[in-house]
Amino acid sequence: MSGTLGTSARRRHIAHLHLHAALTEAQYGDVIELMSGITPHVQAVPPDAVQLDLTSALRYFGLSPYDVVQLAKMRLKALYGIDSSAGLAGNRMLAAMAADASAPGDTTWVPLGQAADWLYPRPVTALPGVGRGTAETLRRYGLHTIGQIVDLPAGTLQRLLGAGPARLLAERAHGHDPRPVTPSEPAAHLAADLVLERDCLDPAQHHRAVLELADQIGQRLRVEHLIAGRLTLTVRYADRSSTTRTRTLPEPTDHSPALAASALTLLNALGLQRARVRAFAVRADALLPEDDAYRQLSLDPGDDRARAAEAAADRARRRFGLKAVRRATLAD
C-alpha cells in the first residue's frame with residue numbers, strides 16, 4: 001500500500017463539518033459567512049454540513065490544521081450555539097468519511113501519510129457511491145473492507161462489477177479525490193408549479209400532474225448543470241388550505257425518473273383519495289454543481305441506457321422545443 005494517498009504538488013488540508021442543528025436557509029447562510037472568516041475557501045454541503053480548504057489559512061493563524069478546525073467549531077458554538085463534529089484530511093472525500101466516523105463533538109484527523117492505513121480496515125460501504133446492490137455483490141465474494149478492494153487485482157474487480165464501476169471503486173478505495181473546495185453560497189432552489197383548470201378529484205390526474213412537474217425539474221437541473229438533494233411537494237386544495245411534505249433523496253441527482261419516484265412517494269404518502277386539489281408545486285433544493293457529488297455505483301446496465309436516452313431527449317428539446325420529447329404518460 002502506498003503512503004502517499006491524496007498527495008499533490010501542494011498538500012491540502014480539507015475539513016468537513018457536520019452541523020448538529022436544523023437550520024433555516026438564513027441560519028445556514030450565517031454559518032457560511034462565519035466560516036468565511038477563517039478561510040475564503042468554504043463550500044456549502046446542504047443541508048447540514050460545510051467543507052473548508054484550510055491550506056492557505058494555516059500561515060495566517062499560525063496553528064496546526066487540527067487546531068484551526070477546533071477554532072471553527074468553537075466559533076460555531078459560541079456565536080450560534082451549534083454543536084458540530086468534524087473530519088480533517090487531505091481531500092474532500094477523506095474529510096467527509098472522517099466526519100462520518102466522528103462521534104458528536106469529536107474531530108477525526110487522517111494525516112496524509114496515514115490515509116492508507118486508516119482506510120484499510122474500514123467497511124467498503126463507507127466509500128461514497130457504494131449502495132446496497134454493489135455492497136451485496138462484493139459481500140457474496142467475501143469482500144467487506146476497503147483493504148480487500150485495494151488488494152484485489154484490477155481485472156478481478158472488473159469481472160465482478162464491470163469496467164466503469166470497478167475503476168471508480170478502486171480510485172475511491174485508494175483515497176483519490178481531486179475535487180477542489182469551491183466557494184459557494186448556500187444552495188438555492190428550483191421550483192415548478194401547476195394550477196389545474198378545475199378542482200380535481202381524480203387520483204390519476206394528481207399522479208400525472210406531479211409526474212410532469214418532476215420531469216420539468218429534472219430538465220431544468222440538467223440545463224443548469226445542478227443536482228438536487230431534496231424534494232418538496234406542496235398540494236393546494238379547493239378551500240385554499242395546503243399540505244407540504246419534504247423528502248431527502250437517496251443521493252443527489254438530476255435524473256428525472258429518480259426525481260419522479262421520490263415526488264410520487266410524497267404524493268402517495270398524503271393519501272389524498274377524493275381530495276379536491278387546486279394546484280401542485282414541486283421544489284428541488286439542497287442543490288449542488290453536477291460534478292460535486294458522487295453518483296452511486298450501479299450494476300444495472302439499464303440505468304446507463306436510461307441516462308443516455310435522457311441525454312438524447314434533452315438534445316432534441318434544445319433543438320426542437322421543450323415539448324419535442326415527452327413521457328408517454330404525459331402525451332396528449
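**Strand β1**

I started with β1 (residues 14-19), which is mostly covered, with 6 of its 6 residues buried; buried here means under 20% relative accessible area with a 1.4 Å probe, counting protein chains only. Strands are DSSP E runs of at least two residues and helices are H or I runs of at least four, both numbered from the N terminus.

Before going on, I noted that this is a predicted model, where local features need pLDDT of at least 70 and side-chain atom pairs count only at pLDDT 80 or more, while totals for chains, interfaces and linings use all residues. Residues are numbered from 1 along each chain as its sequence is written, and side-chain values use heavy atoms, with hydrogens and water left out.

Which way do the β1 side chains point? Ile14, His16 and His18 go one way, Ala15, Leu17 and Leu19 go the other, and all are buried.

Next I looked up the partners of β1, taking two strands as paired if DSSP finds at least two bridges between them. β3 (residues 49-53) runs antiparallel to β1 and is joined to it by 5 bridges; there, alanine 15 has leucine 52 as its bridge partner. β4 (residues 84-89) is also antiparallel to β1, with 6 bridges, and its serine 85 stands opposite histidine 18.

**Helix α9**

In α9 (residues 163-173) I found Pro165, Ala166, Leu169, Arg172 and Ala173 buried. Why do I say they line one face? Looking down the axis of α9, the buried residues fall within an arc of 130°, so they sit on one face of the helix; the arc is that of the directions from the helix axis to the C-beta atoms. An α-helix has 3.6 residues a turn, so residues three or four places apart point the same way.

The cover over these buried residues includes α4 (92-100), α5 (115-119), α6 (132-140), α7 (146-151) and α8 (154-161). Just past α9, I spotted glycine 175 with a positive phi of about 80°.

**Histidine 206**

This one lies in α10 (residues 203-224). Is histidine 206 buried or exposed? Buried, at a relative accessible area of 2%. Contact means heavy atoms within 4.5 Å. Setting aside neighbours within four places in sequence, histidine 206 is in contact with Cys200, Leu201, Leu267, Leu272, Ala275, Val277 and Phe280.

**Whole protein**

I counted 12 helices and 10 strands, and buried residues make up 45% of the 332 residues. Of the contacts with a separation of 6 or more, 70% are between residues 24 or more positions apart.

Methods: Buried means under 20% relative accessible area, exposed over 50%, partly exposed in between (1.4 Å probe, protein chains only).
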